[in-house]
Amino acid sequence: MRILLVVAHPRTQSLTHAAADAFAEAATAAGHTIEWADLMAEGFDPVLREADEPDWSNATKAYSPAVEAEMARIRRNEATVMVFPVWWWSMPALLKGWIDRVWNNGFAYGDASYPHARALMIGVAGTDEKAYQKRGYDQAMQTALETGILGYCRIADGRLELLYGSMDGEAADALIIARARELGAAF
Ligand SMILES: Cc1cc2nc3c(=O)[nH]c(=O)nc-3n(C[C@H](O)[C@H](O)[C@H](O)COP(=O)(O)O)c2cc1C
């Protein structure tokens with residue numbers, strides 16, 4: 001399968017990038033091809049301006065050239081995988097803005113469904129699973145990201161996977177990378 005691998009983190013030495021690399025290596029070994037979309041390195045502008053506002057009365061609106069190019073990049077792939085750090089119990093604004101602008105009316109929802117039947121969000125989480133469960137952050141993120149975005153865009157196999165404990169030291173980091181590798185191998 002052709003996978004668009006979207007990564008949103010300011011630092012290439014981050015655990016998030018290491019997890020994305022592990023996913024990519026394992027998915028490639030399993031026979032998939034990867035096209036990288038490193039939003040920070042590419043200087044993607046996450047701010048939705050007037051040109052990219054949905055026009056509810058026009059499902060075939062032409063968006064800005066930058067957004068049309070992102071749509072073409074999605075269309076030439078068959079699945080989307082997004083790897084990001086959990087920031088404020090959600091995704092970084094960089095990735096949120098990519099979705100705001102690119103997953104637009106007539107492309108991902110409205111008269112259309114998102115072009116891929118498979119999408120995976122991998123969130124690298126600072127604290128552990130217990131802390132997420134204590135306040136319901138895990139459930140809140142599943143609802144907002146998995147149901148509210150992937151489900152809303154009618155992606156049949158859309159999932160959010162949280163990799164917990166990135167602030168718990170090297171052993172926890174190794175587990176996060178191993179889990180990312182498993183996800184790539186099983187994709
Ligand atoms: C702005 C900001 C907000 C954060 N918010 C959360 C949060 O809500 N929940 C959480 O578990 N970790 C949070 N963290 C910690 C990150 O998830 C953590 O830095 C990341 O998983 C570590 O991996 P990295 O090396 O890829 O940054 C936050 C970090 C930053 C910088």
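Biologist: Which strands does helix H1 lie across, and at about what angle does H1 run to E1?

Modeller: In this predicted model, helix H1, residues 15-29, lies across E1, E2, E3 and strand E4 (118-124), and H1 runs at about 175° to E1.

Biologist: And which residues of H1 are buried?

Modeller: The buried residues of H1 are Leu-15, Thr-16, His-17, Ala-19, Ala-20, Ala-22, Phe-23, Ala-24, Ala-26 and Ala-27, where buried stands for under 20% relative accessible area.

Biologist: What do those buried residues pack against?

Modeller: They pack against E1, E2, E3 and E4, and also against helix H6, which spans 170-186.

Biologist: How many Å does H1 reach from its first C-alpha to its last?

Modeller: With 15 residues, H1 reaches 21 Å between those two atoms, which is close to the 21 Å expected at 1.5 Å a residue; just after H1, Gly-31 takes a positive phi of about 105°.

Biologist: Switching to the sheet, what is the strand order?

Modeller: The sheet is open and has 5 strands in the order E2-E1-E3-E4-E5, with parallel pairing. Strands E2 (33-38) and E5 (157-163) stand at the edges with a single partner strand each, so one side of each has no neighbour in the sheet. From one strand to the next, the twist averages 15°.

Biologist: How many bridges are there between E1 and E3?

Modeller: Strand E1, residues 2-7, pairs with strand E3, residues 79-85, in the parallel sense over 5 bridges.

Biologist: Which residue in E3 does Leu-4 stand opposite?

Modeller: Leu-4 stands opposite Thr-80 in E3.

Technical notes
Residues are numbered from 1 along each chain as its sequence is written. This is a predicted model: local features need pLDDT of at least 70, side-chain atom pairs count only at pLDDT 80 or more; totals for chains, interfaces and linings use all residues. Side-chain values use heavy atoms; hydrogens and water are left out. Two strands pair if DSSP finds at least two bridges between them. Helices (H or I, at least four residues) and strands (E, at least two) are DSSP runs, numbered from the N terminus. Axes are lines fitted to C-alpha atoms, for helices over the stretch in contact, and angles run from 0 to 180 degrees between N-to-C directions. Contact means heavy atoms within 4.5 Å. The expected span of a helix is 1.5 Å times one less than its number of residues. Buried means under 20% relative accessible area, exposed over 50%, partly exposed in between (1.4 Å probe, protein chains only).
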